[in-house]
Amino acid sequence: MYDAVVIGAGPGGYVAAIKLAQRGKKVAVVEKSFVGGTCTNWGCIPTKALLSSVHLYSEITEKGKQLGINVEKISYDFSAMKAHMNKTVMMSRKGIEYLFKKYGVELINDTATVESTSVVKTSDKKLETHNIILATGSVPTLIPPFDQIPGIWTSDDVFKMEKLPESILIVGGGVIGIEFATFFSTLKIPVTVVELMDHILPGEDKDVAETISKSLKKKGVEIYESSRITSVEPDSDAFKCIIETKQGTVEKIVQKVLVSVGRKPNIPKDIEKIGVNIQRGIKTNNKMQTSVPNIYAIGDVRGQIMLAHVAMYEAVVAAKNICGEDVHMEYSAVPSVIFSNPEVAVVGIREKEIDPSKIKVFSFPVSANGRARTILERDGFVKVIADKNSLKVLGMAIVGPSSTDMIMEGVVAVKFGLKANELEELIHPHPTLTETVLGALEGIVEMPIHL
């Protein structure tokens, strides 16, 4: 008898299993593919490995001469980039497998079926358990007309390419689409992005989106906003795409089409019959329990915030509740990060979501920062959104170098209800990019010194 059987070894599943095992629980994980899930194998890790390669390439080719580096013979090797990506993925997998062995988690490489509220079945055994954690993740969404056309890429397919395409059209200007647009355009591959909403990165404020749009256009990316694809036809070894825009119809012939319009929960077909409530995804309370109290669901399968770090935290909450604690999930300070160039990181409320009369907003430009000038960075800003009366920090957006690391100051502020003047009293090291955060905080409290 197991204390818990976890179905899926992605960011949610493997973290839940390890947390339970660290607390002395007997745990089994059933995973039909590779440990690490989408994040490790077809998402976060391989994408960032490739983006790290092209970021270094762009740093050398675009800034090298100004920084005194001879860059006349610089080139790139895509096969070596892929080798780096594959090595990074494999090391991440091996790291998870090592942790399973270290803490005594039983890993079963098989397909799981939930037979009852206390039995999980694999191809050759039945696992009796007190608790079940559903961590089956998500799959890319394919919408008409793309779902009926052979050769259309999803985000899973990109990593299988053996050579770079001569040109690519990306359907969807969200996080995934923009990260891949950054990758391909940095290597001088013609990229077209088609976004249905009125600007790319539609979940973020317009000033954030405009900065990234401007950067991509500098790299030659064509961006069509408030637009949609009405037709896609295979044309020899390419695709003929018809784009409907506000200005009229545009025809594009590209070698590859990548659809990145989001992901949908990968819901096991067998769980509804045992009473698990399914809506857009698997419905849970804030203790991560489904409508069946001893069955938990975490991560993308819930169909809510589909981020690896959210799945990991939900995993910890589920594990602690299984261990008898009374712990509740809270989502007010979830950071969102985008590895574009410049990077984007946002936490808390967005400016567009709140009555402007109730807030005070200040943006401090990256171009006014000394450290940014030393690394030839000018694009971006730090924006702080605070309550107009109390100056409590409600949200923070950072667009610029290392923003995905610097956002933690905003996460702490939003999570614990800190005020701008409290953060302003912290001595930020000089010369660092974190002083852009200080500048934005000074703008909320009074006036920034360095602007």
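1. Ground rules. Because the model is predicted, local features need pLDDT of at least 70 and side-chain atom pairs count only at pLDDT 80 or more, while totals for chains, interfaces and linings use all residues. Residues are numbered from 1 along each chain as its sequence is written, and side-chain values use heavy atoms, with hydrogens and water left out. Helices (H or I, at least four residues) and strands (E, at least two) are DSSP runs numbered from the N terminus.

2. Salt bridges overall. Side chains of opposite charge can pair when their charged atoms come close. A salt bridge here is a side-chain nitrogen of Lys or Arg within 4 Å of a carboxyl oxygen of Asp or Glu. The whole structure holds 21 of them. D205, D207, E351 and K383 are joined in a network of salt bridges.

3. R350 and E204. The closest N and O atoms of this salt bridge are 2.9 Å apart. R350 sits in the loop between strand 19 and strand 20, and E204 in the loop between strand 10 and helix 7, so the pair ties together parts that are 146 residues apart in sequence. Buried means under 20% relative accessible area, exposed over 50%, and partly exposed in between (1.4 Å probe, protein chains only). R350 is buried at 12%, and E204 is buried at 7%.

4. E62 and K219. Their side chains form a salt bridge of 3.5 Å, N to O. E62 belongs to helix 3 (residues 44–63) and K219 to the loop between helix 7 and strand 11 (222–224), 157 residues apart. E62 is partly exposed, with a relative accessible area of 43%.

5. Helix 13. Is this helix (residues 435–445) mostly covered or mostly open? It is mostly covered, with ten of its eleven residues buried. Among the buried ones are V437, L438, L441 and I444. The cover includes strand 20 (359–365), strand 21 (381–387) and helix 12 (420–424).

6. T40. This residue lies in helix 2 (residues 37–42) and is buried, with a relative accessible area of 6%. Contact means heavy atoms within 4.5 Å. Leaving aside neighbours within four places in sequence, T40 is in contact with V35, I45, P46, V89, S92, R93 and I96.

7. Surface patches. Patches are made of residues with over 30% relative accessible area and no salt bridge; like charges are joined within 9 Å, and nonpolar side chains (Val, Leu, Ile, Met, Phe, Trp, Tyr) within 5 Å. Accessible areas come from the Shrake-Rupley method with a 1.4 Å probe, and for residues only the protein chains shown count as cover. M408, V412 and F416 make a nonpolar patch of about 310 Å². M408 is in helix 11 and is partly exposed, at 45% relative accessibility.

8. Backbone details. Which peptide bond is cis with omega near 5 degrees? The bond from P144 to P145 is, and P145 lies in the loop between strand 8 (138–140) and helix 5 (155–158). The bond from N341 to P342 is also cis, with omega near 10 degrees. K188 is not a glycine, yet has a positive phi of about 70 degrees; K188 is exposed, at 64% relative accessibility. L201 has a positive phi near 45 degrees and is buried, with a relative accessible area of 3%.
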